[in-house]
Amino acid sequence: MSKKPVILGIESSCDETAVALIRENNKGEPEILSNIVSSQVDIHKEFGGVVPELAARAHIEKIDLIAKKALDESGLSLNDVDAIAATAGPGLVVCLSIGLNFGKAISASLKKPFIAVNHLEGHALSPKLNSKINYPYLLLLISGGHSQYLSVNGLGKYKRLGTTIDDAVGEAFDKTAKMLGIEFPGGPQIEILAEKGDPKKFDLPKPIINKGGCNLSFAGLKTAILRITKNIKNEKDKYDLAASFQNTIEEILYKKSKVAFEEFKNVSGDKRKKFVVAGGVAANKKIRKVLTKLCNEQNFDPIFPPINLCGDNAAMIAMVGMEKFKKNQFDNLDFPAKPRWQLDEKAVFLKGAGVKI
Ligand code: KG4
Ligand code: ZN
């Protein structure tokens with residue numbers, strides 16, 4: 001039996017230091033051997049957002065420890081690794097360089113191929129870690145720095161259908177949380193508070209809901225929240241605002257995804273339609289529920305990564321590495337960090353992408 005490829009993935013684009021090992025099993029499916037993520041939330045929360053210099057220092061301090069942990073957990077040694085895949089962008093340049101150079105150094109010393117990975121492609125392929133999905137599929141990528149609808153037509157083949165014209169969805173969650181006095185990162189906390197509130201209490205704006213195709217906008221929503229927070233009197237008001245905010249996001253994503261479905265039908269032809277939702281915000285259970293409902297109504301298959309693979313991790317980077325390895329798509333060791341690297345050349349770069357405030 002021929003040896004199945006083992007890929008070492010490295011992620012350091014923002015405030016998670018992560019290393020993972022994956023291997024293909026006998027059925028040709030990826031198997032996660034280890035997936036270690038060290039979050040820097042405690043370092044950044046007093047500042048209300050990611051501080052690049054502190055993030056970079058924490059990556060430097062942690063990365064070899066995390067790599068050792070990932071190797072120990074996998075039961076393998078570096079000699080078993082067939083290729084090294086590291087995030088090269090987009091993200092904070094001071095952070096990207098740490099993981100990227102670490103990966104290049106391992107590649108050079110082992111004389112094993114190096115693969116530079118686009119972080120967004122990692123999110124895009126993350127559901128492939130636990131389910132078999134053939135191309136093409138429609139992707140809604142919702143994270144702290146990005147919100148995009150993309151037609152994923154193959155490895156490295158992306159067509160953008162829509163994007164946010166201002167804030168990313170995760171950014172809207174984090175900013176709303178901040179206005180409600182919730183510690184960074186606020187997304188998961190908003191979800192918890194929202195369970196106790198009335199989602200219909202506040203009627204919030206849904207910017208460009210009936211225009212602009214499947215492009216998104218959240219800046220007007222943020223302004224409305226700011227106005228309301230000034231009149232918040234008690235905890236109940238806070239829960240109601242969190243619930244109303246989340247409900248508004250659900251309604252926007254429901255409506256805009258429906259528009260994206262129509263556009264995707266033109267791209268994908270007769271094939272069975274699949275809708276993948278990935279990125280940190282895809283961990284939100286209410287958003288999963290509402291988008292599953294839409295899929296059932298529209299005859300699409302809903303696909304979500306497991307909750308622990310929605311946020312930043314290195315298994316998804318190794319997943320891209322695995323697909324590229326099988327196609328002999330390798331990179332030179334002078335591949336630069338690309339803080340603004342987009343999946344398709346037409347994509348609009350968001351100000352503040354990769355910075356979760
Ligand atoms: O993908 P990710 O870990 O990092 C980026 O690439 O940006 O996404 C982080 C974002 C943050 O804005 C965080 O608040 C949001 O995902 N997030 C959530 C939830 N969990 C994480 N937003 C809403 N509900 C959640 N459960
Ligand atoms: Zn991410």
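Two strands count as paired if DSSP finds at least two bridges between them. Keep that in mind as we walk through this structure, which is a predicted model.

Let's start with an open sheet built from five strands in the order 3-2-1-4-5, with mixed pairing. Its edges are strand 3 (30-39) and strand 5 (114-118); each has a single partner strand, so one side of each has no neighbour in the sheet. On average, and ignoring direction, neighbouring strands here are turned by 20° against each other.

Strand 7 (residues 147-154) runs antiparallel to strand 8, and six bridges join them. Here, valine 152 has tyrosine 158 of strand 8 as its bridge partner.

| Strand pair | Direction | Bridges |
|---|---|---|
| Strand 7 and strand 8 | antiparallel | six |

**The zinc site**

Now turn to the zinc ion (ligand 2). Which residues coordinate it? They are His119 and His123, each through NE2, and Asp312 through OD, at 2.1 Å. Along the sequence, the spacing of these donor residues is H-x3-H-x188-D.

Histidine 119 and histidine 123 both sit in helix 4 (residues 119-125), where they are four residues apart, or about one turn of the helix. Are these two histidines buried or exposed? Both histidine 119 and histidine 123 are buried.

Why is the arrangement around the zinc ion (ligand 2) irregular? The four donor atoms subtend angles of 93 to 139°, and a tetrahedral label would need all angles to lie between 85 and 135 degrees. For comparison, the ideal angle for four tetrahedral donors is 109.5 degrees.

Finally, look at the second largest pocket, which holds about 400 Å³ of space. It is lined by 19 residues, and the closest to its centre are Gly28, Pro30, Lys128, Lys132 and Glu323. Helix 10 (residues 315-326) gives the most to this lining, with four residues.

Definitions and conventions. Residues numbered from 1 in each chain as written. Chains lettered and ligands numbered in written order. Predicted model: local features only at pLDDT ≥ 70, side-chain atom pairs only at ≥ 80, totals over all residues. Heavy atoms only, no water. Donors = N, O, S within 2.8 Å, 3.2 Å for Na, K, Ca; no water. Tetrahedral: all angles 85-135°; square planar, octahedral: opposite > 155°, others 65-115°. Helix = DSSP H or I, 4+ residues; strand = E, 2+ residues; numbered from the N terminus. Buried < 20%, exposed > 50% of the residue type's maximum accessible area, 1.4 Å probe, protein only. 1 Å grid on protein atoms, 1.4 Å probe; cavity = no way out; pocket = protein on both sides within 12 Å on 5 of 7 lines; lining within 4 Å. Points joined across faces, edges and corners; volume = space filled by probe spheres on them. Axes fitted to C-alpha atoms, helices over the stretch in contact; angles between N-to-C directions.
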